[in-house]
Structure formats: C-alpha cells, structure tokens
Amino acid sequence: MTPATPTGGLSRTQLRCVLCGTTRAPDLGAACHACGGTLAAEVDGPVLPQGRASFYDYASALPVGDVRVSLGEGRTPLLPLDRMFPEGGVYVKAEWMNASGSFKDRGAAVAVSAAVALGAKGVVCASTGNNAASVSGYAARAGLPCIVALAKGTPPGKLVHSKANGAIVVEVDGTFSDAFKMAETIAAEHSDWVNLTSTYLSPYMTAAHATIMWELQAELGEVGSVVIPIGAGPMLDGIVAGAEVLMAQGRIDRMPVPVGVQGAGCAPIARAFDAGADTVEEWGDPVTGMPGSINDPLRGYAADGTRTLARIRGADGHAVAVTDDEIRSAMLDLGKLEGIAAEPAAIAALAAYRKLADKLPKPAVLILSGHILKDVPSQAAGAVDSIVVSPDLSTDEIIARALDAFKG
Ligand SMILES: [Zn+2]
C-alpha cells in the first residue's frame, strides 16, 4: 500500500477551513494553520455512480486516493417501517450492519485510506466506544499501529473490540479530557501519526458520511428528511454536504431537512437551537441518560457543535433532545412491531421522529447508527420483564402467558 504519488492520489482533494476559508493540499493535520478552525475535505469534480452502488464506487467523490481500505462497509439496508407507520414513507437506514456494528466504519474506511495514502505511520484515537472499535479495525486492516487513549478505570467491556483488533490501549491516569489531549499531542508532535478521535478532527472522516446521503438518493430519489443522532455532529455535516453535491449535480430538486437528535441528559446543540443561539456552549451540567454513544458535552471543542448547528440552520433543519423514557418506549415499539433493535443512541432518532413528524417531509429516514449489542447496560434498563415460570408448568399455560405478553 505504498502511495503511488506524493499526494497518494488525493490530487483532486483540498482541505478548506470552515471558519476562515483558507485552503491547503491534503495532509494529516487536524486544523487550520491560520485560525485553528476545523477542516472540510472537498473533492473537485466528483462523479457519482447511477443507481445503487458499493461504498468505493463513490471513490471519485470521496477524499481517497489509490489506497482503499475496506471491511465491507456501506450499502446498508434501507428498511420501511410500514407496521409502525402504516401510511408509509418512513424508513430506517441500518447502519448497524457495517462491519464493526456502527456508521463509524464509513469514516474510518476513508480516513485510514487517506492516512495510508498520505504516508501515516500510525493512528491514535481517544475513545472507548464505537469509534475506537471501528478505527482499530481499519488500522489493523491497513497494517498501521493504533493507539487507543482512554481514562484509567474505563470498564474492560468497552475495550474488548479494540483489543481484539490489536489496538494498543493506553490508560491515562486522569479524565477522558486528559486522554483526549494526549491523542491530540501525539499527533501534534509526530506529524506522521494521525488523530482519528471522533469529532471534526479528521476532514476525511467527516466527508465519508456523504455516502449515506448518496445511498439514500439512489434508493429513494428525493429524500424529504433525515433524522440523525448527533454527539458533535460530523455525520450530520457529511450527510448535508452529500446532499449539496446531489443538488449541484441536479440529482435532487430540494435539500432534505436534517434533524440532529441528542439525549436530554447531554444536549448542547439542541439547547442552543432551542435558544435561537448561533454558537454552542459546552454542556456544563452532569452528563446523564441512556444514549451513551452521543452523550458528548463538547468540553474543549464547543466550536464543533457550532459547526453542526450552522449546518442545521443552513438547511432549515431542527435539533431536538429526547428523554430516556421516549427512547425506551421507542425501543420497545420498534423491536416489537418491526423486529428491529439498535443501541439507545440510534433509537433516539425514532423518538425524535415521533416528536417532530408533522414538521418533517417524507420520505423520512431515521439513521440507526449502531448495533444494540454496542450498549447493552443501557438497553437492559429498558428491557421488558421476562416471564418467570416453574419447570413443570404446562406448555398450554406457557403459550397462553406468552400470548398475553405479546398482545400487551
Ligand atoms: Zn481558518
């Protein structure tokens, strides 16, 4: 996987600062050299395939070069929720079907591919969740070492996936913020290491989420609205950017309405949206609630939230917070009526759709971002009670009780 050219074939990509507009050729850096703002990776002359396509069929529109690291990501199923919404037009995008069980694989595929093409010697991320599981897998696939930095005392269960992927786990004797800073410093002091901590630190990762929008357009044509669980929000940013490419090419006639969904126990972007603010403040209150994968207080990088808020406002979208009760209720209904389970952060999209349905044009797509087994303890908090029986209870009685529970 040696780069074929000095820019690894990324000659049509440029990085643009979202704050001051400064552009530069692609590299492994995470921020604008002029103002410190986050970056967008823009591809000149993207050519999108016609009809349904596999992930790297979109390579001409992605910031990747000749190197394409893959674990079979993308092209996830689009499932109608016709039992739950008999009038039709409501779908889920099954992002849990990606290789590591979450949408993060799209970003990791593109970011690790770009990293290899640009000559990276290693990958670091500060995360214990979906992102670390994904990044460590793609790094291993590409033959790059991967450091996962996290706070000492992180529950071992959160590390299983990364460790299985051969990641080097570094426990920092401090808080998650200390781990976050360590990842940042490693990449800052070693320019051939790339920091793929989630958030907007990798413009390649952010841009990859456009593929979700392109896949939706290929199946649905026009897309009315897209409901997206957000922490800092790079998935939402990438989806809206993908819609802009479709608009520019005349593939769609209207921008879909983006909805950013947060848990009520940590909702800095939804709070700013409700307040009519233009900037997002970090969440100073205690972080609580079920949707662990999106509970991001944005401490130290509130500007990431502001970038997402601007994206939402620019596309006449919404940001909304949902409660644990709303998530739990949506989870039970989705499982029972549709046979679909996902982690609480993903289910938050359904809870949000139920609140905003009358404002959202169809077809509406809920991005179910991660697998239910990603977040078992939270899920258990909302589980249905089992039926407890004695071993000699008659089968007639067991079936009668099961049918009672089914109807309930
Ligand atoms: Zn700048």
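Predicted model: local features only at pLDDT ≥ 70, side-chain atom pairs only at ≥ 80, totals over all residues.
The angles among the four donor atoms of the zinc ion run from 99 to 117 degrees, so the site is tetrahedral. For comparison, the ideal angle for four tetrahedral donors is 109.5 degrees.

Which residues hold the zinc ion? They are Cys 17, Cys 20, Cys 32 and Cys 35, each coordinating through its SG atom, at 2.2 to 2.4 Å. Along the sequence, these donor residues follow the spacing C-x2-C-x11-C-x2-C.

Cys 20, at 40%, and Cys 35, at 39%, both count as partly exposed.

Cysteines also raise another topic. A disulfide is a covalent bond between the sulfur atoms of two cysteines. How many disulfides are counted here? The count comes to zero. Take Cys 266 as an example: the nearest cysteine sulfur belongs to Cys 125 and is 19 Å away. Cys 266 is buried, with a relative accessible area of 0%.

Finally, let's visit Ser 369. You can find Ser 369 in the loop that lies between strand S13 (364-368) and helix H12 (376-381). Is Ser 369 buried or exposed? Its relative accessible area is 4%, so Ser 369 is buried. Leaving aside neighbours within four places in sequence, Ser 369 is in contact with residues including Glu 95, Trp 96, Phe 103, Pro 229, Met 235 and Glu 343.

Key: Residues numbered from 1 in each chain as written. Heavy atoms only, no water. Donors = N, O, S within 2.8 Å, 3.2 Å for Na, K, Ca; no water. Tetrahedral: all angles 85-135°; square planar, octahedral: opposite > 155°, others 65-115°. Buried < 20%, exposed > 50% of the residue type's maximum accessible area, 1.4 Å probe, protein only. Helix = DSSP H or I, 4+ residues; strand = E, 2+ residues; numbered from the N terminus. Contact = heavy atoms within 4.5 Å. Disulfide = S-S within 2.5 Å.
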